[in-house]
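Work through the exercises below with the sequence and the 3D structure open beside you. Try each task before you read its solution.

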Amino acid sequence: MYWLFLVLPFLHDFKMSVCELIYEPTDKHFEVKVYLFTDDLTQALTGDPRAPLPAREAISQYILQHLELYVNNSRQELQFYSIRQKEEQTLLQFRTPALASSPSGVYVKNDLLLEKFSEQSNMVYLMAPGKSRQVEALGNNRRNASFGW
């Protein structure tokens, strides 16, 4: 029985993702990092938490359907940058094009994995140099957040 635990992928009961919105003032863009449990992501995309991780195009498309970023009331195009997998986590990175002006307000819609897991929590962090880190917890009851600048 013990060897079975070593062979099967890590599965967990706690459903949570983390999204970091990081403003880079030098280039006037946002870096967006999304951390997901690999088994949750795989289950949402394939129906099987033990299936191989889908292609990056499928994952990127899924993220872009469920995550929206608005800066100064203007929707930002999130451009896929990279994907990395470490143990039971998958990290996806996106970037926005350079902003025309400095941010005065940020709005995010994040309903990642909520169609699959009703107990899913999506933590969103806004970080910028010289600003205090702001945090919002999203889920089925609340799928968007506004951050003051």
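**Exercise 1. Find the bridge partner of Glu 20 in S2, then describe the sheet in which S2 lies.**

Solution. Begin with the local pairing: in S2, Glu 20 has Lys 33 as its bridge partner. Residues are numbered from 1 along each chain as its sequence is written. The model is a predicted one, in which local features need pLDDT of at least 70 and side-chain atom pairs count only at pLDDT 80 or more, while totals for chains, interfaces and linings use all residues; side-chain values use heavy atoms, with hydrogens and water left out.

Next, widen the view to the strands, which are DSSP runs of E with at least two residues, just as helices are runs of H or I with at least four, numbered from the N terminus. Strand S1 (residues 16-24) and strand S2 (residues 29-37) pair in the antiparallel sense over seven bridges, where pairing requires that DSSP finds at least two bridges between two strands.

**Exercise 2. Which residues touch the most other members of the largest nonpolar core?**

Solution. Buried means under 20% relative accessible area, exposed means over 50%, and partly exposed lies in between, with a 1.4 Å probe and protein chains only.

The largest core has 29 residues, of which Leu 21, Phe 30, Val 32 and Ile 63 touch the most other members. Its largest share, four residues, comes from S2.

Now follow one of these residues: not counting residues up to four places away in sequence, Leu 21 touches, among others, Phe 30, Val 32, Leu 69, Val 108 and Phe 147, where contact means heavy atoms within 4.5 Å.

**Exercise 3. Classify the ring pairs of Phe 30 with Tyr 23 and with Trp 149.**

Solution. Rings of Phe, Tyr and Trp (its six-membered ring) pair if their centres lie within 6.5 Å, and planes under 30 degrees apart count as stacked, over 60 as edge-to-face and the rest as tilted.

Apply this to Tyr 23 and Phe 30: their ring centres are 5.1 Å apart and their planes stand at 50 degrees, so the pair is tilted. For Phe 30 and Trp 149, the centres are 6.2 Å apart and the planes stand at 75 degrees, so the pair is edge-to-face. This second pair links distant parts of the chain, with Phe 30 in strand S2 and Trp 149 in the segment after S10, 119 residues apart.

To finish, compare accessibility: Phe 30 is buried at a relative accessible area of 0%, whereas Trp 149, at 30%, counts as partly exposed. Tyr 23, Phe 30 and Trp 149 form one aromatic cluster.

Key: A nonpolar core is a set of buried Ala, Val, Leu, Ile, Met, Phe, Trp, Tyr and Cys residues joined through side-chain atoms within 4.5 Å.
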